[in-house]
Amino acid sequence: MIALVSAFVTEIVFGSIYTFGALIPYISSYLYYEGNPTSSTSLSILFTMTIIMINVGVGISSTFLHHVSNRLLCAGSIIGLSIAVFLVSFMNNFLGFVAFYGVLYGLSIGIGYYPPVKNTYLHLPDKKGLCAGICYSGFGLGSVIFNYIILEIINPQNIDIDKVTKKYP
């Protein structure tokens with residue numbers, strides 16, 4: 001049961017990827033005020049790159065799954081995810097966002113996506129369908145939870161968009 005709960009929580013963290021839609025206007029505004037105007041449409045490449053890198057990460061994880069422990073893959077994934085978020089907070093250009101958010105963040109999620117589920121399979125071998133359903137529902141639930149948290153951190157006073165620049169102040 002502990003394996004199932006921990007896998008569910010881990011997948012909630014990985015599901016934070018879907019909060020990207022709420023972040024686009026704020027990232028666009030940030031880059032605009034940093035002197036690197038980038039349209040919201042151009043920023044959609046970040047999400048595309050992240051999804052591609054998740055798939056690459058799943059491939060890497062699947063290759064090493066039989067040679068490396070689930071714990072090590074998950075720990076490496078969470079550390080990579082944390083480093084990506086930390087480094088992207090210092091970026092003031094589009095390429096920095098692509099490198100750290102698009103590539104490293106996506107790769108980290110991909111590497112850690114399957115090991116928690118495999119771990120639940122090892123502990124509850126007769127209930128694999130239930131384990132997968134609960135774990136992957138956590139992935140979907142991550143966007144619901146983190147969307148509100150992220151928007152509360154970024155814009156706690158719910159400041160409206162500037163009428164002239166069409167950007168958040």
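**View 1. The lining of the second largest pocket in this predicted model.** Ala3, Ser6, Ala7, Thr10, Asn70, Arg71, Cys74, Pro115, Pro116 and Asn119 line this pocket. The elements that each give two or more residues to this lining are α1 (2-14), α4 and α6, and α1 gives the most, with four residues. Helices here are DSSP runs (H or I, at least four residues; strands are E, at least two), numbered from the N terminus. By class, the lining has five nonpolar, four polar and one charged residues. Ala, Val, Leu, Ile, Met, Phe, Trp, Tyr, Cys and Pro count as nonpolar, Asp, Glu, Lys and Arg as charged, and the others, Gly among them, as polar. The volume of the second largest pocket is about 190 Å³. A pocket is an open set of points on a 1 Å grid over the protein atoms alone, where a 1.4 Å probe fits, with protein on both sides within 12 Å along at least five of seven lines; lining residues have an atom within 4 Å of a point. Grid points are joined across faces, edges and corners, and a volume is the space filled by probe spheres set on the points.

**View 2. The largest pocket and its lining.** This pocket has a volume of about 760 Å³. Of its 27 lining residues, Leu23, Ile27, Val88, Ile150 and Ile154 lie nearest the centre. Two or more residues each come from α2, α4 (70-88), α5 (94-113) and α7 (128-154). Look to α2 for the most, with six residues. The lining divides into 21 nonpolar, six polar and no charged residues.

**View 3. Lys118 in helix α6.** Helix α6 covers residues 115-123. Lys118 is buried, with a relative accessible area of 19% (buried means under 20%, exposed over 50%, partly exposed in between, with a 1.4 Å probe and protein chains only). Leaving aside residues up to four places away in sequence, Lys118 touches Leu65 and Asn70, where contact means heavy atoms within 4.5 Å. The C-alpha atoms of Lys118 and Ile159 are separated by 44 Å, with the two residues 41 apart along the chain.

**View 4. Ser28 in helix α2.** Helix α2 spans residues 20-33. Ser28 counts as buried, at 1% relative accessibility. Beyond residues up to four places away in sequence, Ser28 touches Thr38, Ser39, Ser40, Leu43 and Lys167.

**Notes for all views.** Residues are numbered from 1 along each chain as its sequence is written, and side-chain values use heavy atoms, leaving out hydrogens and water. In this predicted model, local features need pLDDT of at least 70 and side-chain atom pairs count only at pLDDT 80 or more, while totals for chains, interfaces and linings use all residues.
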